[in-house]
Amino acid sequence: MLGELLGLFKYPVTTFSKRAEERNIKKEAIIAGIIAVVIAVVTVLTSYFGVVKAVNKKYKSLDDYNKSSFLGDVTKDEFKEMKKEYKSDLLEDVSLVKTFFTTLAVTAVAIVVVAAILFVIARMVKSPKDYIELFSMANSSFIIYTLGFLLNTIFSYIYAPIGIIILFAASIFATLALANAFRESIEVEDTNKLVIYSTIVLTVVVAILVIIVAGYINSLTSSLGGLSSLLDL
């Protein structure tokens, strides 16, 4: 497994293709699940540490709080209770459980959708590729992204710009490796059609996403507008 992981960085296109040729649906499903869980767990931990940081910033110490408070001094027990309530409120706003399952679902769907996009393009250029092969390639790409995501999270607590650069590099590397592995695997003779069909499919996908997001934003805006009207009454 370690050798395969190193191969994704040392020989990306070759490793992508080799993994795809295995056509192991059980293995790929497990890998996709692990990727989704890892990203979800890291996202939840990041949210939690963000809450802790915010709480410690506002309630740094009893002395500091009393010095900056205009409501009079509080006791040690009152300070602890206020800090506890503030943390509880922030955690409720963040909703860690919801964040976990939302991130888990979004990541899993993203892998499936990327593989589906490749499958549609392959069919349009008349390449008889199995979906599981393309699903494996999508998995390989997300493995690279996940490692970049982990490093970005770690470095965000040390020196954020390095983490951002690593994540950007991992994303570009994963995308280029996936594109080139896919290009080689379908063995299409007319690359002009590949470019045209790829553009069409990706444009349709982006258009659907824009419509969904726009609909969600309009729905949210309408709800807030209705709430504002009720408050005005």
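A residue counts as buried under 20% relative accessible area, as exposed over 50%, and as partly exposed in between. The views below show a predicted model.

Figure 1. Glutamate 28 is found in helix α3. Its relative accessibility is 1%, so glutamate 28 counts as buried. The side chain of glutamate 28 forms a salt bridge with arginine 19. The closest N and O atoms of this pair are 3.0 Å apart. Arginine 19 also counts as buried, because its relative accessibility is 2%. A polar contact joins the side chains of glutamate 28 and serine 136, at 3.2 Å. Leaving out residues up to four places away in sequence, glutamate 28 touches Arg19, Ile132, Phe135, Ser136 and Asn139.

**Figure 2. Serine 140 in helix α7.** Serine 140 is placed in helix α7. With a relative accessible area of 0%, serine 140 is buried. Which residues does serine 140 touch, not counting residues up to four places away in sequence? They are Leu8, Phe16 and Arg19. Arginine 19 is the salt-bridge partner of glutamate 28, shown in the view above.

**Figure 3. Phenylalanine 9 in helix α1.** Helix α1 covers residues 2-10 and holds phenylalanine 9. Is phenylalanine 9 buried or partly exposed? Its relative accessible area is 41%, so phenylalanine 9 is partly exposed. Phenylalanine 9 touches Ile144, Leu147 and Phe173, with residues up to four places away in sequence not counted. Phenylalanine 9 and alanine 174 are 165 residues apart along the chain. Their C-alpha atoms are separated by 9.2 Å.

**Figure 4. Arginine 23 and its salt bridge to aspartate 130.** Arginine 23 is found in the loop between α2 (12-22) and α3. Phi of arginine 23 is near 50°, a positive value in a residue other than glycine. Arginine 23 forms a salt bridge with aspartate 130, with the closest N and O atoms 2.8 Å apart. This pair links distant parts of the chain: arginine 23 sits in the loop between α2 and α3, aspartate 130 in the loop between α6 and α7, 107 residues apart. Arginine 23 is partly exposed, with a relative accessible area of 43%. Aspartate 130 is partly exposed as well, with a relative accessible area of 33%. Salt bridges that share partners join Arg23, Lys129, Asp130 and Glu133 into one network.

**Figure 5. Lysine 27 and glutamate 22.** The side chains of lysine 27 and glutamate 22 meet in a salt bridge, at 3.2 Å from N to O. Lysine 27 has a relative accessible area of 22%, so lysine 27 is partly exposed. Glutamate 22, at 38% relative accessibility, counts as partly exposed too. How many salt bridges does a search of the whole structure find? The search finds five.

**Figure 6. Lysine 126 in the loop between α6 and α7.** Lysine 126 lies in the loop between α6 (96-124) and α7. Lysine 126 is not a glycine, yet its phi is positive, about 60°. Its relative accessibility is 75%, so lysine 126 counts as exposed.

**Figure 7. A nonpolar patch on the surface.** The patch is formed by Val37, Val41, Leu45, Phe49, Leu151, Ile154, Tyr157, Ile158, Tyr159 and Ile162. Together these residues have about 940 Å² of accessible area. Two elements give two or more residues to the patch: α3 (25-58) and α7 (131-155). Helix α3 gives the most, with four residues. Isoleucine 154 is found in helix α7.

**Figure 8. The whole chain and its confidence.** The protein chain has nine helices and zero strands. Buried residues make up 30% of its 233 residues. Among contacts between residues at least 6 apart in sequence, 71% join residues at least 24 apart. The chain exposes about 15000 Å², and carbon and sulfur atoms supply 68% of that area. The average pLDDT is 83, and 87% of the residues score at least 70.

Technical notes
Residues are numbered from 1 along each chain as its sequence is written. This is a predicted model: local features need pLDDT of at least 70, side-chain atom pairs count only at pLDDT 80 or more; totals for chains, interfaces and linings use all residues. Side-chain values use heavy atoms; hydrogens and water are left out. Patches are made of residues with over 30% relative accessible area and no salt bridge: like charges are joined within 9 Å, nonpolar side chains (Val, Leu, Ile, Met, Phe, Trp, Tyr) within 5 Å. Accessible areas come from the Shrake-Rupley method with a 1.4 Å probe; for residues, only the protein chains shown count as cover. A salt bridge is a side-chain nitrogen of Lys or Arg within 4 Å of a carboxyl oxygen of Asp or Glu. pLDDT is the predictor's confidence in each residue, from 0 to 100. Buried means under 20% relative accessible area, exposed over 50%, partly exposed in between (1.4 Å probe, protein chains only). Contact means heavy atoms within 4.5 Å. A polar contact is a pair of N or O atoms within 3.5 Å; within protein, one must be able to donate a hydrogen and the other to accept it, and residues adjacent in sequence count only if both atoms are side-chain atoms.
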